[in-house]
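Today I'm looking up aromatic rings.

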Amino acid sequence: MHQNKHRKKSNLLIPTIVLFILIFLVGLEVYLLFFQNHTSPTKSTNESTSKTTQSSAILTKDAQQAENFNQEVRPDSDLAKGIDQKLTENQFVGSALIIHNGQIILQKGFGDANIAKKLPNTYQSNFQIGSIQKGMTAVLILQQVQAGKLSLDDTLDKFYPDIADSFKITIRQLLSMCSGLYQKEQPKVRMSDDEFLRFSISNAAMGIYGKYKYEAVNYRILAGILEILTNISYRTLFEQTFIKNLQLRNTFFYDDFLNSLNRTYAYKKPDETGVTSEISDDPLLFDQEVGTGNIGMSVGDLYLFYSNLLEGTFIDQKTIDQLWTSDTLKKYMGGIYNYPNYIKGHGAEEGFESTAMISKDRKNAVILLSNQPSKGKNQGELASTSFNLLGPYN
């Protein structure tokens, strides 16, 4: 009898222990699921905030470090304040980047990127750079020269024998706009890049051979030559060489520019009452500028291109010296105006205007990208006046 009672107690004890263990495990799971997960995000957020703060803290104004362009830089020196005031007084609309003695002294936006939505221009704003892109096409050509696949003295008939007088037109003449060629007809409908290049080349005609005349067809032909030499589309070659290699965050071809986060809209110059109007997007116009002007960029991205060019990242000094000879001083060559101690790039199309002036030692620079003509001095004057305050470079 006593033995049976002991057995019953033992039988009741085991389920009780199991039940207790189960209750403990369930309680632990509830704690981990609710209380621990509620505190974790706070910790993660704090860590993220800390990392962001640390990341921001390490940014400097050294213009040779690419990450330093990921910030707004407001004027804090008399020089920077003076340039900022000059841009404001002349009602400059766009983004400005000023570098002095290797330091970013100004990088900010002026006016509106989108008037209807009241979105201001910022240091990240994206603008169509127009003909400045020709300098990038020239770099791609020079890379082929450096690789021994092309010579600046090669004649055009090597690639396009059906173009008039191609047997005497050199690559150097195409780069300097001295081929004499012009495009006799423009497309009336949108085409793919390859279709447009074929159209452009088939409509190339000879004007006055050997005389300087700014004609975009020269650089469309160069884009076609690049595709022949590399068996890669111009767009892919551009993206690999510049966007990917330099890790450019605000550089887009026109179709991507239209939907980009920091895109700007172009506006006409204000009338006497201060009223302006938007210039409608024209994909047909920009799409056909293959190799010559269908890229959007920010001021920081554009400086990084020029800086890497002058540093020798893309092409070595020997190759650059083949292009920029003593005969090219103060002249247009390779998408750039070449001066003894600085270079200049310029582009304008459909309300957008871009001006870049960079010293060859990369210590001083003025880059102005605009989506509306200034009401005061024109952009070239503003850029030149500002640049000479850094040098002078007259």
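Which residues form one aromatic cluster? I found Tyr234, Phe238, Phe242, Phe253, Phe305, Tyr306 and Phe314 in it.

Notes on the source: this is a predicted model, where local features need pLDDT of at least 70, side-chain atom pairs count only at pLDDT 80 or more, and totals for chains, interfaces and linings use all residues. Residues are numbered from 1 along each chain as its sequence is written, and side-chain values use heavy atoms, with hydrogens and water left out.

Next I looked up the pairs. Rings of Phe, Tyr and Trp (its six-membered ring) pair if their centres lie within 6.5 Å; planes under 30 degrees apart are stacked, over 60 edge-to-face, and the rest tilted. By that rule I get 19 aromatic pairs. I picked Tyr214 and Tyr332, which are edge-to-face with 5.5 Å centre to centre and 70° between the planes. This pair links distant parts of the chain, 118 residues apart: Tyr214 is in the loop between β7 (204–206) and α6 (217–230), while Tyr332 is in strand β10 (residues 331–333). (Helices are DSSP runs of H or I, at least four residues, and strands are runs of E, at least two, numbered from the N terminus.)

Is Tyr332 buried or exposed? Tyr332 is buried at 7% relative accessibility, whereas Tyr214 is partly exposed at 33%. (Buried means under 20% relative accessible area, exposed over 50%, partly exposed in between, with a 1.4 Å probe and protein chains only.) Tyr332 also pairs with Tyr337: the centres are 5.1 Å apart and the planes at 70°, so this pair is edge-to-face. Tyr337 is partly exposed, at 25%.
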